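Reader: Hi! Could you walk me through some of the strands in this one?

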Amino acid sequence: MNDIHQPGPIRPRPAPASLFNAADFPEHAFREAFDAGGSPRGHWQPVTAALEAIAPEELNQRQERVRRMRHEDGATFNPFDDPSGRGTPWALEMIPLPIPAGEWAEVETGLVQRALLLERILADVYGPQNLLKEGLLPAELVYANPNFLHACHGIVPAGKRFLTYYAADLYRGSDGRFQVLRDYGANPAGLGYALENRIVLSRVFSELYHQTQIRRLAPFFQTLHRSLIQRASLRHQDPGIVLLSPGPESRIYFEHALLSRYLGYPLVEGEDLTVRNGQVFLKKLAGLEPVEAIVRHIADGASDPFALRREAAGGVAGLIQAFREQRVEIVNPIGSGFVDTPVLPLFLPELCRRLTGEALRLESHPGWWCGREDERRHVLANPGQMRIGPAMARTGAAPQLHDLTAAMAAAPHLFMARPPVAPATVPAWDQGRVRPRYALLRVFACATEQGFAVMPGGLAITAADVATVTGETPELQRSKDIWVLSDQPVEPFSLMSGLRTVAEFRRGSDLPSRVADHLLWLGRYLERAEGLVRLLRSLFRRLAGEAGLADIPELAYLLDILRAENAIPPAPADAAGPPRYRELTTQLKAALFQKERPETVVAILKRVQEAARNVRDRLSLDAWRAINHLDGFADNQTGDPLELLNDTLFTLSAFSGLAMESMTRGLGWRFMDMGRRVERALNQTALIRIGLIPLCAESRGALEALLEVSDSIMTYRARYRTSFQLAPILDLLLLDESNPKSLAFQLSQLSAHVEHLPRPGDRRFATPEERMTLEMLTAVRLLDLTGLRCDEGGEKSTSLAAFLHTMENRLKAFAQQITAHYLSRVLSTPHFSAIRGTPEP
C-alpha cells in the first residue's frame, strides 16, 4: 500500500485522577467507552466501576498475571523470520470490550445475511456461473483471481454448503455504525485465540465475569461440532474428524493445538493422511483409519499438490478428488478462499439484491476497483487520498506512484483503492494507566441446518496506530475479549458435557506414525538433556570447590565423557595434565550455551521444545508449562551455571513426573518412554565403558562421580553402607532390575513396551523387537561380575568392555528396528542423533 495521510499514533497524556478519562481519547474516532458528553456508556459502567475499585498496583499485578498465564499456556504467534524460534507472545489486554445485547443483535443479523450471500456467490462461481453470464461479476474477478481454483469447479459439498465457517473483521466508524473491513473464507484464524482470551479473563476477573450477564462461547463450538456431524452424516458415537494443520511452522499453531484439544479432534498434518481409492485415511501405527471429515487449517493452494500442480508442503495428494466424490467433508470447502478476495466486497450490494432480494445490512468499507475505467481515473487523480493496493490478493504492495500509471495501464484489474480507515478507540491498561487504542472486531459464524450461527463474542484486535491494527502483523497487535451482554440470565455451559456422548465411545490408543516418531524422540531428547545436565553439574560443582584442578583426580574421567559426547573439543595430542582453569570454564560454558553445536545443552533443549511442539495436543497444560519454562535457559549466560543447571534439572524432572502421572498408558506414552529407556541405556553403558580405566586408576573419586552422574549415589549408600567399590557399583548400575537407573531396568521396561505394540493378525511368534529386547535382557542377567578386578587388561575387565561395546550396538540396532517397523510411514523426520552416533531414518 502507498503512504497516505491518516490518524497518527495516540499520544499519552498526564495521568488523570480517575482511571477512565474521556479527554485521553481522540475526538475524530468513535469512543467505545464514552458517550458524546464524556461519561461512560451504560453497558461500560460495570466494567469501569469494577476497575476503579481496584488499586493501580493490583491492576498491574493482574496484567502481569495475564502475561504469565499466556506464557505458561504457550500462547504465541510464530513469525517466520524469528531466528530464536520462540515465537511472539500473544498479547492480551485485560480490559474487555462489552457490547450491549441490542447492538449485537443487529451485528448478528448482518453477519448471517452476509455469510449466506457469500455462500451463494461461491455456489454460483463453482457451479453454473450465472453471475458471470449476467455481468454482475466481471470475468477478471474469477479467471484472473488466484483465489479461484479451477480444479474445484463443479464440486458440490455435502449438504450443498459451500461456506461452513466464516469470519469477518469489523470496525466502527465515527458515526457509530459497524462496517466490514475484510471477509475470511479459506481458513479463518482467531477462533482459538478468542477462546483462550475468554478462559484467561474469566479467571483474572472472576467476580466481575460471573456477576455480569455475558453470553458464553461454548454453545457456538457445540453448534459447530453438531452441524458438522449432521451435514456429513457422520457416526455420532465415534466420528472420524481430524483437524488438519501445517504443523509447528504455522504462525498460529497454538490455536490449532488448542482447538484440537477443546473439540476433541486429532491434530494431524498432511503427511499423516493418504488417499486410497477415493477414501481419505489417517496413517496410524496399526494401519489405516478412515477419515470422514477434515477441519482444514491449511491454505486452499496447499491442500492438494497433485490436483493443483503446486509443490506445497502440508497438502494431501488426491484430496480434491475425494472431496468431489463426497467421500470426505472439508471445513471450509477447498476453494472458499475466493471469499477473501479484497475487491469482492465492492460488488456485494448489487449481488445481495440479486441473490437475496434484500439490501446489504452490514456495509463494506468503500473502495474503487481499477478494472472499471471511471474508477481507475478517479484513483489516478487522487492517489494521495486513498490506499492503493492489490485487488485479488491480501498480500503484496502496489508500485510506487511514478510507476502506478504504467502498472494500471498494463493490468488495471489487479489494483484497487480504499479511503483511510478510522476505527473506534477502546480503553487499554498500559504502563500503570488506561490509554486509548484503535480496535477491530473479528467475529465468527458457522453453517447450520437453519442457516448460520454467529459466535456471541470474538476477538478484538487493538494497536496504538491505525496502520498496525489494520495490518497483517499479528505479532505487533494486541487483543481483547469481546463480552456480548445478555438481557436474560445466562446458564453455565460446558462443551465437555455436550460432547460426552461422543467421547464415551472412543476406543483404543492407536496414534499416527508421525506423532509416535515425535514422542519417541521427545523421550530421547529429554533423557539426553538430563544426562548432559547431570554431567555438567557434577563438573561445575567440583570447580566451585576449594580444590585446584590437579587435586580433582576424577576430573579426567568426567572430561573424557564430555569429549566422547562431543560436548567439548578433544584434548590436544601433546596435552599433559588437565587444561587451565579459564580454558576449561570457557569450554564448559560453550557446552552450555553454544547454539551452533548440536551437542550442547541449549541445542538439546531446543530440540526438546521442537519435539514437544509437534505433539502439543498430546501434552497436558501442566506438562506444557514445564516445557515453556525451558525458554529462559539461553538468557542466563551471566548467572551462576550451577544454579542454572539445578533449575533446569528440576524442570526436566517435573516434566518427567507429569508425563508419568498424567499420560494414559497408551501407545503415545509407550513410545515416549521407549525413547527415554533407549537413551538412558545408551548413556549408562557409555558412562561405564568410557570410565573402566579411570574407575580403576582412581577408584574413590571416579566411582563417586559415576554414581553421582548416574543419580544413584543415595541408593548405593543406603544399600551397601560401605566405601565405594567397583563390583557392587557395577552390580547396581548394570544388573539391579529394581534400580530405575540401571541398564537391566531399562531393558526390562523396553521388553514390556514392545509386547504391547501393534502387530498384524493374531499373535503367534515374537516380533524382531521382542527378540532383540529379550536377547539384551538375558545377556545382562547372565553377566558375571564376580572376580572383577581393576588391573588393566584383566580378563574380566576386557570381557566387560567388550560386553558394553556390544550392548551399545544392540541398543542402536533396536532403535533402528523400531523406526523401520513402526515409523516407516513417516515421510521424513527432523530428528537426528549426533551425540550417540545413531543415524536416524
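Author: Happy to. One term to start with: two strands pair if DSSP finds at least two bridges between them. Keep in mind that this is a predicted model.

Reader: Got it. How many bridges join S4 to S5, then?
Author: Six bridges join S4 to strand S5, residues 178–184, and the two run antiparallel.

Reader: Which other strand is joined to S4?
Author: Strand S17, residues 433–448, is joined to S4 by six bridges, also running antiparallel. Ala-168 has Val-443 in S17 as its bridge partner.

Reader: Nice. Are the residues of S4 buried or exposed?
Author: Buried: S4 covers residues 165–172, and eight of its eight residues are buried.

Reader: Why the two directions?
Author: In a regular strand, side chains alternate between the two faces of the sheet.

Reader: New topic: in what order do S13, S14 and S15 come in their sheet?
Author: The three strands form an open antiparallel sheet in the order S13-S15-S14. S13 (368–369) and S14 (387–390) are the edge strands, each pairing on one side only.

Reader: And how many bridges are there between S13 and S15?
Author: Two bridges, in the antiparallel sense, with S15 spanning residues 415–418. Trp-368 has Ala-417 in S15 as its bridge partner.

Terms used:
Residues numbered from 1 in each chain as written. Predicted model: local features only at pLDDT ≥ 70, side-chain atom pairs only at ≥ 80, totals over all residues. Heavy atoms only, no water. Helix = DSSP H or I, 4+ residues; strand = E, 2+ residues; numbered from the N terminus. Buried < 20%, exposed > 50% of the residue type's maximum accessible area, 1.4 Å probe, protein only.
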